[in-house]
Amino acid sequence: MHYSPDKMITDVLDDAQAMGVSVLRCWGFQFGVNKEHNSYGMTEPGKYGVPDSLKSTKKKPDEFGYPRDTFERLDFTIAEAKKRNIKLIIAMNNYWSDFGGIENASSWQKWFNLKDGEEFYKNAKCKAAYKEFCKYLITRKNSFTGICNNEESTIMAWELMNEPRNRSDVSGRTLTSWVKEMSAYVKELAPQQLCAVGDEGYMIDKKFEPVDGEGKHCYNGFEGSDFDSLIKIKTVDFATFHLYPETWGIAENSQEAWGEEWISKHIDSAKKVNKPVIMEEYGTSANGKLNRLGVYDAWNSIAYEKGIAGSMFWILTSSNTYEKAEGGDGIYDDYDGFRIRNDKSSVSNLLQDYATLFATGKKSETLSQPRFYLMSPAKNQEIKGVYEITAKYLCGDDKTLKAKRAELYFDGQPAPSPRTLNYNVKTNTYRIKFDTLANAKTYPDGSKINVKVVFTM
């Protein structure tokens with residue numbers, strides 16, 4: 001949304017509108033050149049837009065390699081989102097190196113001679129330059145609408161940084177202090193708009209024992225970010241957290257339940273300080289071994305039931321003009337495995353149902369009915385030794401619906417005994433372990449087994 005040709009931007013907005021998505025989160029930063037994206041924002045402190053040396057070109061705006069101005073592209077995105085009544089959350093910096101974030105040695109670190117990215121939070125000149133950039137972006141007059149960004153109702157909120165952290169201070173105090181200063185400054189510039197941090201929601205609760213003992217680094221201060229301290233800041237209007245157990249090192253069969261717990265913990269914390277909270281990024285990859293449909297259903301179900309303010313999947317994509325120009329299929333690449341398209345797939349349809357539910361409170365027929373999922377294995381995979389099979393059901397509108405038992409079937413027949421799955425109350429999941437070696441006589445090496453779990457209600 002901050003570097004692409006018109007069609008790529010409007011295709012995403014059209015798909016969002018078709019899916020009932022009412023809020024999109026996008027980047028409002030691009031510090032220098034980034035990989036192949038070929039867009040320009042802040043090339044050095046105080047220098048914004050396309051460098052003079054690149055302004056002279058015979059290429060047209062919709063051609064690959066045209067030197068794009070990040071701010072003009074964001075102007076266009078805001079104007080087009082406004083036409084579709086879609087609100088925007090705009091992040092103003094990145095922790096990661098992508099698009100010149102503070103981990104990128106060629107941007108902030110180079111400009112201010114920092115020893116590492118995390119020195120950014122304490123360096124006085126860095127903080128002054130960041131404020132200067134925020135002021136430029138927030139007070140900029142949109143070149144398409146003529147409205148200043150801080151007076152634009154389409155912009156729901158400004159975010160200080162995408163996924164900030166500071167591992168050099170595991171107390172979280174350095175990051176909290178930076179957020180307190182910068183959020184106050186943003187609220188001065190944009191008093192009619194909301195301000196949030198953009199953090200992943202890492203907590204400091206060393207006594208807490210997460211599901212299956214997994215992901216303790218998300219609760220022990222390792223990332224130098226303290227969710228509970230951040231949301232207490234007066235000028236932080238709502239809380240944010242992300243959810244990627246697959247890439248955070250959570251064991252495969254713990255990921256779904258771990259995610260439910262993560263969601264619940266953040267909603268409960270936000271309620272204590274009477275602030276809304278948004279799960280503004282989440283994903284399990286299409287290439288993973290879990291049942292993606294079941295995971296997304298379970299996570300959104302508990303988020304809605306517990307009163308979350310919003311749920312935003314990563315990442316909605318559509319067309320790719322760049323790739324088509326090079327002979328590709330013209331569809332945005334699934335570069336990280338989390339791509340969502342408006343393609344009427346089961347996952348896309350489910351997310352559309354939840355978009356409607358969050359926006360209107362109205363459940364689709366699908367969400368009203370009970371749903372049953374074989375969570376793992378969800379795909380063909382080779383198994384050696386002991387493998388844990390998991391299943392789950394969501395009751396829909398009938399909260400009294402209970403399962404009497406869940407049994408394992410192989411190739412349409414009852415599996416070898418014991419075949420009754422054990423119900424885990426904490427995770428609300430049914431589990432059973434199958435040992436391929438112990439059952440080698442019945443299912444010799446190389447056997448292909450169709451797995452099914454049958455619920456008796």
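**Helix 10 and its neighbours**

I began with what the buried residues of helix 10 pack against, and found strand 10 (277-282), helix 8 (292-305), helix 11 (365-368) and strand 12 (371-376). Contact here means heavy atoms within 4.5 Å; helices (H or I, at least four residues) and strands (E, at least two) are DSSP runs, numbered from the N terminus.

I noted that this is a predicted model, where local features need pLDDT of at least 70, side-chain atom pairs count only at pLDDT 80 or more, and totals for chains, interfaces and linings use all residues. Residues are numbered from 1 along each chain as its sequence is written, and side-chain values use heavy atoms, with hydrogens and water left out.

Which residues of helix 10 are buried? I listed Val347, Ser348, Leu350, Leu351, Asp353, Tyr354, Ala355 and Leu357. Buried means under 20% relative accessible area, exposed over 50%, and partly exposed in between (1.4 Å probe, protein chains only).

I checked the span too: helix 10 (residues 346-360) has 15 residues and reaches 21 Å from first C-alpha to last, close to the 21 Å expected at 1.5 Å a residue. The expected span is 1.5 Å times one less than the number of residues. Just after helix 10, I found Gly361 with a positive phi of about 80 degrees.

**Helix 4**

Next I turned to helix 4 (residues 124-139), where Cys126, Lys127, Ala129, Tyr130, Phe133, Cys134, Leu137 and Ile138 are buried. They cover an arc of only 165 degrees around the axis, so they sit on the same side of helix 4; the arc is that of the directions from the helix axis to the C-beta atoms. On the face turned away from the buried side I saw the exposed residues Ala124 and Lys125. Among the elements covering the buried residues are helix 2 (70-83) and helix 5 (173-189).

**Aromatic rings**

How many aromatic pairs does a search of the whole structure find? I got 48. Rings of Phe, Tyr and Trp (its six-membered ring) pair if their centres lie within 6.5 Å; planes under 30 degrees apart count as stacked, over 60 as edge-to-face and the rest as tilted.

Phe29 and Phe31 have ring centres 6.3 Å apart and planes at 15 degrees, so I logged the pair as stacked. Both Phe29 and Phe31 are buried.

Phe120 and Tyr130 have centres 6.0 Å apart and planes at 85 degrees, so this pair is edge-to-face. Phe120 lies in the loop between helix 3 and helix 4 and Tyr130 in helix 4, so the pair ties together parts 10 residues apart in sequence.
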